[in-house]
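Have a look at it first, then read on.

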Amino acid sequence: MKARVTVTLKSGVLDPQGQAIGGSLKSLGFDGVGAVRQGKIFDIELDETDLSQARSKLTAMCEKLLANTVIENYTIETSH
Amino acid sequence: MKSAVIVFPGSNRDHDMIVALTKLSGQAPEIVWHKDTAIPDVDLVVIPGGFSYGDYLRAGAIAARSPIMDAVRDHAAKGGYVLGVCNGFQILTEAGLLPGVLMRNASLKFVCREVKLEVINNQTPFTSGYEAGQIIRCPVAHHDGNYFTDAETLKSIEDNGQVAFRYAEGTNINGSLNDIAGVFNAEKNVLGLMPHPENLIESAHGGVDGQGLFNGLLKAVA
């Protein structure tokens with residue numbers, strides 16, 4: 001099973017890197033660019049066939065390591 | 001005072017800390033590797049500065065899940081002193097031993113300079129060597145020192161005297177909330193701070209303002 005975990009900053013958490021990226025897009029001449037927020041994507045291969053088992057493992061991975069839940073949210077997608 | 005310094009792959013201020021502890025306490029600290037699972041019987045455990053695991057994922061994130069950290073947690077739970085400086089502060093927040101998180105500096109720049117710190121709570125073993133409100137000099141060198149926490153936690157650490165140091169005189173160089181440079185846990189036996197007191201302890205460093213932190217601990221364990 002393959003999984004994709006997306007980690008993003010919670011709303012309200014300052015994202016100076018996203019701001020700098022947004023500023024750079026504007027300076028490249030892209031019009032109409034509003035706020036930019038950056039995050040991380042993890043593609044994970046799992047030796048697991050049961051969907052609910054996989055999701056509970058992935059949730060534990062997010063809580064223990066992949067996200068710092070003080071400042072970050074995470075979403076999990078799975079595919080075969 | 002018996003002490004131990006934890007070393008991770010990528011620690012680079014460990015030797016500065018070893019020199020400072022040896023000079024000020026009169027005994028060399030034990031050196032403990034991150035893969036160890038036990039810490040010798042000591043009064044103080046120090047997590048030094050550096051770039052453990054190259055700051056991969058988030059600064060301090062991977063080191064905080066190292067085997068040795070359970071022993072650090074046990075030491076703190078028993079009331080032993082734990083000090084984290086710079087990357088050590090990041091590791092302690094990632095390990096859940098201190099509240100909050102250290103984010104990328106608001107300027108996005110690595111900052112290496114001297115700052116001014118105000119001593120906020122001097123009623124702890126770490127800070128009793130200073131006066132409350134005293135302004136001290138201290139060097140900083142970091143890229144991820146922007147202290148952040150949610151509003152509720154911020155209020156609780158402010159109300160509980162858990163703010164140890166604030167950047168003073170306009171020297172908040174990283175965007176930290178409430179100018180916070182160092183925080184205690186609720187019990188005040190764990191301290192993390194971004195500045196490097198171990199780098200200002202002898203005249204050759206250009207000052208001795210960092211000595212107060214070590215002197216307070218020496219007095220507490222005497």
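Start in chain B, where Val5(B) has Val46(B) of strand 3 as its bridge partner. Strands 1 and 3 (residues 44-47) of chain B run parallel and are joined by three bridges; strands count as paired if DSSP finds at least two bridges between them. Helices (H or I, at least four residues) and strands (E, at least two) are DSSP runs, numbered from the N terminus.

A word on the ground rules: this is a predicted model, where local features need pLDDT of at least 70 and side-chain atom pairs count only at pLDDT 80 or more, while totals for chains, interfaces and linings use all residues. Residues are numbered from 1 along each chain as its sequence is written, chains are lettered from A and ligands numbered from 1 in the order in which they are written, and side-chain values use heavy atoms, leaving out hydrogens and water.

Strand 1 of chain B also pairs with strand 2 (residues 30-33) of chain B, again in the parallel sense, over four bridges. Here Val7(B) stands opposite Trp33(B).

Is strand 1 (residues 3-7) of chain B mostly covered or mostly open? Mostly covered: five of its five residues are buried, meaning under 20% relative accessible area with a 1.4 Å probe, protein chains only. Ser3(B), Val5(B) and Val7(B) point one way, and Ala4(B) and Ile6(B) the other. In a regular strand, side chains alternate between the two faces of the sheet.

On a 1 Å grid over the protein atoms alone, a cavity is a set of points where a 1.4 Å probe fits but cannot get out, and a pocket is an open set with protein on both sides within 12 Å along at least five of seven lines; lining residues have an atom within 4 Å of a point. A volume is the space filled by probe spheres set on the points.

| Space | Volume | Lining includes |
|---|---|---|
| Largest pocket | about 420 Å³ | Gln17(A), Lys40(A), Leu57(B) |
| Second largest pocket | about 180 Å³ | Ile39(B), Pro40(B), His75(B) |
| Largest cavity | about 50 Å³ | Phe51(B), Cys86(B), His142(B) |

The largest pocket is lined by 23 residues.

Methods: Buried means under 20% relative accessible area, exposed over 50%, partly exposed in between (1.4 Å probe, protein chains only).
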